[in-house]
Amino acid sequence: MEILGRTFVLVLLMHLAFSLDELSSNKSIVPNVSLSHYPEIHHAKSSIDSLLAKLHTDITNYHKKYVSLKKMAALYRTERLIKVKELNVLKTVGLLLPKLTGGETSNYICSAILNKFKVIRPIEMRTSSSVLHEGFTVKLPVNHHSLITAGLALVNGNDLRVYFNKEDDHFHEIDRVVEKNGTTKATILFRLQKAINKNSVEKTSYYLAYGNPNARPARHNPENVYLFYDDFSDKSLSKKWKKNWGSVNVVNGQLVLKTGKTQGDNAEVAIYVKQGNNWHDVEVELDFKERHKSVYPGPFLRLENPAIKTTSGWWFEYESGGQGCTMRPFNKNKDGSWLYSGKLSKPLGTNTWIHAKYRVVGDKFSHWVNGITIHNNVKVSSSWMLKKGTLGLGCHDKGSGSGCLTIYDNVKVIKYVSAAPTFSLGRDCKENIKGVHGLVTTNKNAAVSCKALVDHAHHSLRNGLYWIKTGANGQPVQTYCDMKNGGWTLIGKINGKVGNIFHTWLIKNRNIKSLTNPSLPSTNLISCIDARHLATFNASTIRFSSGDNPKGIGSKWIEWSLPDKREATSLWTHAVGYTKVAKARIDPVVITAWNGEKKVCYQNKYGIMPLQKHGGSYPSVSIDKTGGTATNDYCMAVGVQKKGTSADSWGQNGNGFDSPLSNSDWPGKSVNHESPSLTVWLK
């Protein structure tokens with residue numbers, strides 16, 4: 001508005017100036033009168049001319065400002081459109097992140113194992129009024145049949161595995177058992193590693209992964225899944241059981257219980273579990289068959305006192321050859337007889353296996369045989385109430401005198417809570433990781449490997465610096481990625497005599513600023529990241545390379561598959577010592593070289609050269625199973641211990657430096673130069 005006002009004044013002044021000019025130059029306007037006698041007119045004209053000049057300058061400046069503002073407005077509109085697009089992307093990510101079932105932690109866990117499995121799903125646990133204590137056995141329902149049909153899981157179930165995430169994103173696989181494998185009603189069982197409070201939701205600590213056609217068998221030790229487990233594959237009973245009466249032995253992987261005539265009129269305990277004295281609410285499953293007729297076998301639960309003639313426990317008694325059964329309580333040998341009787345669906349045939357299941361919770365019990373309910377949540381009177389006790393196996397025979405001959409197998413015990421929790425699978429977090437990884441450019445959202453970025457980026461990526469998680473705690477650092485060759489992560493550079501480096505080489509972050517490019521300097525140098533976690537969970541191949549390419553992997557290189565049974569806590573860890581490394585299994589591995597050559601070398605799960613006098617060199621592949629070295633071959637190792645020194649039971653005679661000593665010395669003319677010169681990559 002100001003510029004319009006000034007323009008209007010300028011026009012008026014121009015008209016006035018023009019009129020004064022006419023007045024001063026045109027004598028006909030006032031005949032015979034000289035205007036020189038009126039100096040006011042000349043003064044007015046001079047003032048108007050001065051105002052005209054000033055207004056003209058102001059308007060010119062305002063015009064320039066107008067043009068500048070117009071350009072700025074156009075730029076602002078463009079920037080605003082960009083900001084709107086960026087905001088939309090951020091909104092998308094904002095909606096995406098909550099679906100990762102736990103935010104950044106879930107993001108890391110899922111991305112950390114996404115290269116190994118087609119599907120990674122968080123396991124969601126919801127409790128009500130009961131606390132789930134550490135050691136509680138989770139029963140996760142899974143439609144395994146549908147997963148197999150969809151091509152997402154293996155028929156044998158080898159790829160079904162459970163991961164537990166501890167604090168600081170330190171996660172590991174835990175043992176699990178699969179029941180009813182391949183069916184629509186499969187169950188995956190595993191033990192809680194920490195307690196879960198009542199009335200809470202846990203969805204960031206446990207993950208189910210599946211869909212790896214090359215998966216080795218998952219961890220599946222049932223003794224680490226159940227509160228108690230025995231399939232009697234071990235003939236020794238003394239570790240888990242205490243014999244009490246009769247002849248009890250393991251024969252062909254089954255428990256054979258042979259008793260004589262019962263002492264007195266009551267049942268007695270032949271054998272019981274040592275560790276179960278403080279078991280309160282539990283669920284027990286077992287298989288058994290009785291070979292003798294007219295005897296009464298069965299297990300004791302809540303067994304407080306197994307002693308002969310002073311027994312206290314809840315005995316589940318069966319009539320061999322008949323349909324009768326009962327929960328028969330004993331309290332200091334006082335007999336409740338058939339107080340809580342039941343009936344089988346058909347007679348208990350001799351030498352016929354049955355599967356029985358029992359549940360004791362507070363003052364109630366339930367009982368199933370071959371899937372059919374015999375007792376359902378029956379309350380025990382206060383006079384027969386027992387609060388806790390172990391599991392025992394017993395017999396009652398006062399008539400025939402032959403005693404029981406009972407065969408038991410597959411005994412399983414788990415903790416039970418009255419307010420049942422629910423377990424379910426969350427959404428496949430691997431799908432969501434694909435959308436997130438395109439934004440991984442900062443230490444706030446680092447990737448687990450360069451290969452992970454390549455696999456899930458929406459466009460081709462350039463070679464260069466990327467933020468990568470290191471170590472078990474996922475500390476982000478910037479290192480170089482060779483994306484054009486499929487996503488190789490630079491994990492280490494070494495050049496020249498660097499002395500004893502086994503305390504840091506590839507197991508700590510050191511001189512990471514040097515990893516901003518893959519070139520090798522002319523001076524002595526070691527730089528590396530803690531790459532053991534990456535190598536264990538997010539890579540399958542290692543590569544040694546020359547350092548003659550500042551923009552990627554060098555012109556000469558060798559590569560091989562990482563050892564199958566590697567562990568993040570011991571891979572490339574010199575401190576495990578010579579003794580353990582020497583005992584480790586040695587496996588052949590094929591080395592592929594830059595020139596197309598191939599060679600069979602040898603490695604162990606530690607990735608450490610096993611010959612004691614070679615100083616525990618690593619990463620290592622040897623020419624033979626003893627850890628030998630040779631010149632001009634493709635079996636290589638990085639020497640980490642100075643000649644003439646000893647550490648962690650290793651010595652070093654100088655021959656453990658089986659690697660090139662310069663970019664031109666490939667594959668290597670010497671094994672005792674003490675000056676390794678190469679870069680190390682993972683994919």
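**Figure 1. Contacts of aspartate 397 in the predicted model.** Aspartate 397 touches Lys261, Thr262, Ser294, Val295, Ser402 and Gly403, leaving aside residues up to four places away in sequence; a contact means heavy atoms within 4.5 Å. The model is predicted: local features need pLDDT of at least 70, side-chain atom pairs count only at pLDDT 80 or more, and totals for chains, interfaces and linings use all residues. Residues are numbered from 1 along each chain as its sequence is written, and side-chain values use heavy atoms, with hydrogens and water left out. Aspartate 397 sits in the loop between strand E23 (390-396) and E24. Strands (E, at least two residues) and helices (H or I, at least four) are DSSP runs, numbered from the N terminus. With a relative accessible area of 2%, aspartate 397 is buried. Buried means under 20% relative accessible area, exposed means over 50%, and partly exposed lies in between (1.4 Å probe, protein chains only). The side chain of aspartate 397 reaches the backbone nitrogen of glycine 403 at 2.6 Å. A polar atom of that side chain also lies 3.2 Å from the backbone nitrogen of serine 402. A polar contact is a pair of N or O atoms within 3.5 Å; within protein, one must be able to donate a hydrogen and the other to accept it, and residues adjacent in sequence count only if both atoms are side-chain atoms.

**Figure 2. An open sheet of 3 strands.** The strand order is E2-E6-E5, and the pairing is antiparallel. Strand E2 (137-142) and strand E5 (177-179) stand at the edges with a single partner strand each, so one side of each has no neighbour in the sheet. From one strand to the next, the twist averages 25°; axes are lines fitted to C-alpha atoms, for helices over the stretch in contact, and angles run from 0 to 180 degrees between N-to-C directions. E2 pairs with strand E6 (residues 186-191) in the antiparallel sense over 6 bridges. Two strands pair if DSSP finds at least two bridges between them. Leucine 140 has isoleucine 188 of E6 as its bridge partner.

**Figure 3. Salt bridges between side chains.** Side chains of opposite charge can pair when their charged atoms come close. Here a salt bridge is a side-chain nitrogen of Lys or Arg within 4 Å of a carboxyl oxygen of Asp or Glu, and the count comes to 16. Glutamate 179 and lysine 412 form one of them, at 3.7 Å from N to O. This pair links distant parts of the chain, with glutamate 179 in strand E5 and lysine 412 in strand E24 (residues 405-415), 233 residues apart. Glutamate 179 is partly exposed, at 21% relative accessibility. In another pair, arginine 359 meets glutamate 283 at 2.8 Å, N to O. Arginine 359 is in strand E20 and glutamate 283 in strand E14 (residues 282-290), again distant parts of the chain, 76 residues apart. Glutamate 283 counts as buried, with 4% relative accessibility. A further salt bridge joins the side chains of aspartate 587 and arginine 585 at 2.8 Å, N to O. Aspartate 587 is partly exposed at 30%, and arginine 585 is exposed at 62%. Lys139, Glu283, Lys357 and Arg359 belong to one network, joined by salt bridges that share partners.

**Figure 4. Two asparagines with positive phi.** Asparagine 351 has a phi of about 60°, a positive value although the residue is not a glycine. The loop that holds asparagine 351 runs between strand E19 (340-343) and strand E20 (354-361). Its relative accessible area of 44% makes asparagine 351 partly exposed. Asparagine 370 also has a positive phi without being a glycine, at about 50°. Asparagine 370 is in the loop between strand E21 (364-369) and strand E22 (372-379), and is partly exposed at 43% relative accessibility.

Figure 5. The bond from tyrosine 618 to proline 619 is cis, with omega near -15°. Proline 619 is part of the loop between strand E33 (598-603) and strand E34 (646-647). The bond from tryptophan 666 to proline 667 is also cis, with omega near 5°. Proline 667 lies in the loop between strand E35 (650-651) and strand E36 (677-682).

**Figure 6. Confidence along the chain.** The protein averages a pLDDT of 85, and 81% of the residues score at least 70; pLDDT is the predictor's confidence in each residue, from 0 to 100. Over residues 26-31 the pLDDT is below 50, and this stretch has 2 contacts in the model beyond near neighbours in sequence. Residues 431-440 also have a pLDDT below 50, with 31 contacts beyond near neighbours in sequence.
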